[in-house]
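Good morning, and thank you for making time for this item.

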Amino acid sequence: MRKMETLLLLSPELSVEERETVLKTMDEVIAREGGKVLVMEQWGMRGLACPVRKQMRGYSVRMEDAAPSKLVAELERIIRITDGIFKFMTVKLADSVEAAEEVA
């Protein structure tokens with residue numbers, strides 16, 4: 001399994017319950033596809049350098065997970081169809097979770 005990082009920018013108009021629902025959905029998709037969420041950091045409401053969908057603020061979330069490579073396509077598909085997510089980015093941190101732990 002690869003170690004991946006996903007950054008999400010959520011709409012500032014989402015309520016706390018709606019944000020938690022979106023994040024729970026992401027967690028469920030990762031678990032369903034055979035992955036595991038290692039870290040989920042909610043960075044909170046932040047100002048943006050340029051407007052995104054006419055908004056100058058957004059709620060940032062960073063997820064680190066151990067997942068098979070096929071999970072990325074499914075996770076990004078779910079992110080694209082989920083209302084309330086403005087932007088996202090997924091990056092491979094290491095080829096395997098064990099290799100990432102050795103480097104640390």
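**From one residue to the fold**

Let me begin with Ile85, which touches Leu8, Leu9, Leu10, Val22, Met26, Arg53 and Ile79, leaving out residues up to four places away in sequence. Please bear in mind throughout that this is a predicted model.

On the subject of pairing in general, strands of a sheet pair through backbone hydrogen bonds, in either a parallel or an antiparallel manner.

In what order do the strands lie? The sheet is open and has four strands, arranged β2-β3-β1-β4, with antiparallel pairing. The edges are taken by β2, residues 36-52, and β4, residues 85-94; each has a single partner strand, so one side of each is left without a neighbour in the sheet. On average, neighbouring strands are turned by 20 degrees against each other, direction ignored.

Turning to β1, residues 2-10, nine bridges connect this strand to β3, residues 55-67, and the two run antiparallel. One example is Met4, whose bridge partner in β3 is Asp65. β1 is also mostly covered, with seven of its nine residues buried.

Now to the helices. Helix α1, residues 16-32, packs on the sheet and touches β1, β2, β3 and β4, with its direction at about 135 degrees to that of β2. Helix α2, residues 70-81, lies across β1, β3 and β4, and runs at about 165 degrees to β4.

I would like to stay with α1 for a moment. This helix has 17 residues and spans 24 Å from its first C-alpha to its last, close to the 24 Å expected at 1.5 Å a residue. Which residues of α1 are buried? They are Arg19, Val22, Leu23, Met26, Val29 and Ile30. Viewed down the axis of α1, the buried residues fall within an arc of 115 degrees, so they line one face of the helix. Their cover includes β1, β2, β3, α2 and β4. On the other side of α1, by contrast, Glu17, Lys24 and Arg32 are exposed. After α1 comes Gly34, which has a positive phi, near 95 degrees.

These pieces meet in the interior. In soluble globular proteins, nonpolar side chains tend to be buried together. Here the largest nonpolar core has 17 residues, and those with the most contacts inside it are Leu8, Leu10, Met26, Val61, Leu75, Ile79 and Ile85. At least two residues of this core come from each of β1, α1, β3 and α2. The most is given by α1, with five residues.

A last point concerns the loop between β1 and α1, where Ser11 lies. Is Ser11 buried or exposed? Its relative accessible area is 7%, and as buried means under 20%, Ser11 is buried. Leaving aside neighbours within four places in sequence, Ser11 is in contact with Gly84 and Phe86.

That concludes my presentation, and I would welcome your comments.

Technical notes
Residues numbered from 1 in each chain as written. Predicted model: local features only at pLDDT ≥ 70, side-chain atom pairs only at ≥ 80, totals over all residues. Heavy atoms only, no water. Pairing = 2+ DSSP bridges. Axes fitted to C-alpha atoms, helices over the stretch in contact; angles between N-to-C directions. Contact = heavy atoms within 4.5 Å. Expected span 1.5 Å × (residues − 1). Buried < 20%, exposed > 50% of the residue type's maximum accessible area, 1.4 Å probe, protein only. Arc of directions from axis to C-beta. Core = buried A, V, L, I, M, F, W, Y, C linked by side-chain atoms within 4.5 Å.
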